[in-house]
Amino acid sequence: MEKLPHECGVALVCLPGNDADAVPGALAMLRDQRHRGRQGAGLAVPDAAGGFTVLKFDGDNSLDHLCDAACALHGDMVLGHVRYATNGRGGTEAVHPFVSRNGRMALCGNFHFGRRYEAPDGQLVTERIAQALSETDSLTDALRQTLAEAHGGFVLCGITADGCAFAVRDRHGIRPAWYVLRDGELRVASERFALHDANARELPAGHALVRDSHGRVTMERLMAEAPLCQCPFERIYFASAKDPDIAAARRALGRALAPAVMQAIAGEALAPVLTYVPNSAVHAWEGLAEALDDAVVPSSIISKLTRHRTFMHGAESRVSEVESAYSVEAEALNRAVIIVDDSIVRGTTFRRSTLLRQLQERGATRIIIVSSAPPILYPDHYGIDIPTREELIAARAAATGRTVAELLTPPDVTIPVTVIYQSIADLCRVLGPSYGTWVFTGTYPD
């Protein structure tokens with residue numbers, strides 16, 4: 001229930017004609033991607049003086065403040081961003097977009113460059129590209145010079161004061177990017193559904209989409225070809241299920257769990273209640289319910305009382321928030337309860353909240369927690385804020401010889417608790433060969 005925080009959302013809009021206004025479209029794209037980052041929001045628009053007007057806000061209501069303030073802005077090129085603080089820094093100085101010291105380029109991104117490319121923050125990346133651009137007339141050459149050897153997962157979007165724009169994706173396609181190019185209009189977003197266009201296409205891994213000052217757009221390979229290794233958590237829980245392909249993948253992950261669940265509930269006198277938590281697990285729940293048919297009673301008996309995803313909080317506030325985050329709306333269950341979750345990371349929510357105790361008090365005879373993701377055993381060097389295996393409950397269970405169920409169960413819960421995980425084989429079958437498994441297997445992209 002407590003998720004891996006490692007994604008931001010980008011929005012780039014370039015419209016033909018000096019009188020065109022790209023601001024409303026960019027704000028709409030950011031609103032659609034609000035779930036990708038509630039800790040900061042920003043917008044950059046070229047100004048008449050040859051620089052940029054930049055608006056930045058941090059905090060939970062940052063996007064609302066940005067939308068209110070941006071109503072006075074106007075421009076045919078706009079760069080926007082919603083942020084999750086991967087590097088842990090707070091304050092508006094860490095909010096994207098960043099503007100180079102020479103005032104000629106603005107940049108935002110969804111990135112973590114890993115261990116082999118020292119570019120820890122957006123301002124440094126901005127300065128490197130701006131410096132390279134000052135040494136050549138070609139934006140593509142500047143990007144290639146700066147990023148050809150970059151490792152990790154990243155999508156970078158930028159605009160220049162002289163009317164150029166670009167979007168770049170890492171060599172493995174770890175971070176997502178989609179674009180629409182039509183009738184001189186260019187739009188780029190982290191998620192396809194935010195573009196609201198059936199012709200939206202995925203930006204190829206290792207490539208840059210470059211728009212020159214005359215509005216001409218080219219696609220260029222910047223980085224050497226590498227195996228696709230997209231982030232699996234985009235499909236498991238992070239991306240919006242308003243994209244029908246995302247919803248379908250999550251239902252398929254739920255259906256894949258059916259044999260293991262059927263085996264676990266064999267012999268139950270009454271059909272178990274099948275529920276889910278959090279809301280992002282609803283499609284996996286639907287898929288599993290469909291596969292189990294009348295062997296279970298599907299019911300959404302768990303309500304989340306807090307407004308935001310608890311993974312967006314620091315360690316102390318995360319614990320305090322999850323303690324009272326959920327409410328069970330059921331009486332006299334008198335049967336087993338199956339909870340579908342999309343992933344189990346630290347286990348804080350089950351261990352610290354009253355959820356399992358509430359189910360016990362309402363008559364659950366046993367609890368089966370079902371994860372649509374396999375056990376998370378390895379840290380992610382591409383952006384999540386879990387640097388060590390000790391924070392991962394599945395890794396701690398393996399190291400201590402205890403089961404995950406034992407580590408998840410609060411001391412005052414005495415009914416049996418079982419955990420069922422998705423198999424890696426079924427995950428790969430559902431997601432396909434272009435998705436990575438590094439947090440499950442330890443096999444990292446190079």
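Visitor: Where is D293 found?
Guide: D293 is in the loop between α8 and β15 (297-298). Helices (H or I, at least four residues) and strands (E, at least two) are DSSP runs, numbered from the N terminus.

Visitor: What should I know about the model and the numbering?
Guide: The model is predicted: local features need pLDDT of at least 70, side-chain atom pairs count only at pLDDT 80 or more, and totals for chains, interfaces and linings use all residues. Residues are numbered from 1 along each chain as its sequence is written, and side-chain values use heavy atoms, with hydrogens and water left out.

Visitor: Back to D293. What is its phi?
Guide: Positive, about 55 degrees, although D293 is not a glycine. Most residues other than glycine have a negative phi.

Visitor: Is D293 buried or exposed?
Guide: D293 counts as exposed, because its relative accessibility is 55%. Buried means under 20% relative accessible area, exposed over 50%, partly exposed in between (1.4 Å probe, protein chains only).

Visitor: What about A332, which phi does it have?
Guide: A332 has a positive phi too, about 50 degrees, and is not a glycine. A332 is in the loop between β17 (326-328) and β18 (337-341). At 54% relative accessibility, A332 is exposed.

Visitor: Switching to peptide bonds. Which residues does a cis bond join?
Guide: One joins H96 and P97, with omega about -5 degrees. P97 is in the loop between β4 (77-83) and β5 (98-99). The bond from V277 to P278 is cis as well, omega near -5 degrees. P278 lies in the loop between β14 (273-276) and α8 (282-292). Most peptide bonds are trans.

Visitor: How many cavities are there?
Guide: The count is 2 cavities of 30 Å³ or more. On a 1 Å grid over the protein atoms alone, a cavity is a set of points where a 1.4 Å probe fits but cannot get out; lining residues have an atom within 4 Å of a point. Points are joined across faces, edges and corners, and a volume is the space filled by probe spheres set on the points.

Visitor: Which residues line the largest cavity?
Guide: Y276, V277, P278, N279, I302, S303, K304 and Y326. The space in the largest cavity is about 40 Å³. Strand β16 (residues 302-304) gives the most to that lining, 3 residues.

Visitor: Now E191. Buried or exposed?
Guide: E191 counts as buried, at 4% relative accessibility. E191 sits in the loop between β10 (185-189) and β11 (201-202). Leaving out residues up to four places away in sequence, E191 touches Q33, H35, R36, W178, F238, A239 and S240. Contact means heavy atoms within 4.5 Å.

Visitor: Zoom out. How many helices and strands?
Guide: The protein has 15 helices and 20 strands. Its radius of gyration is 23 Å, close to the 22 Å that the globule rule gives for 446 residues, so the protein is as compact as a globular protein of that length. That radius is taken over C-alpha atoms, and the rule is 2.2 Å times the number of residues to the power 0.38.

Visitor: What share of residues is buried?
Guide: Buried residues make up 59% of the 446.

Methods: On a 1 Å grid over the protein atoms alone, a cavity is a set of points where a 1.4 Å probe fits but cannot get out, and a pocket is an open set with protein on both sides within 12 Å along at least five of seven lines; lining residues have an atom within 4 Å of a point.
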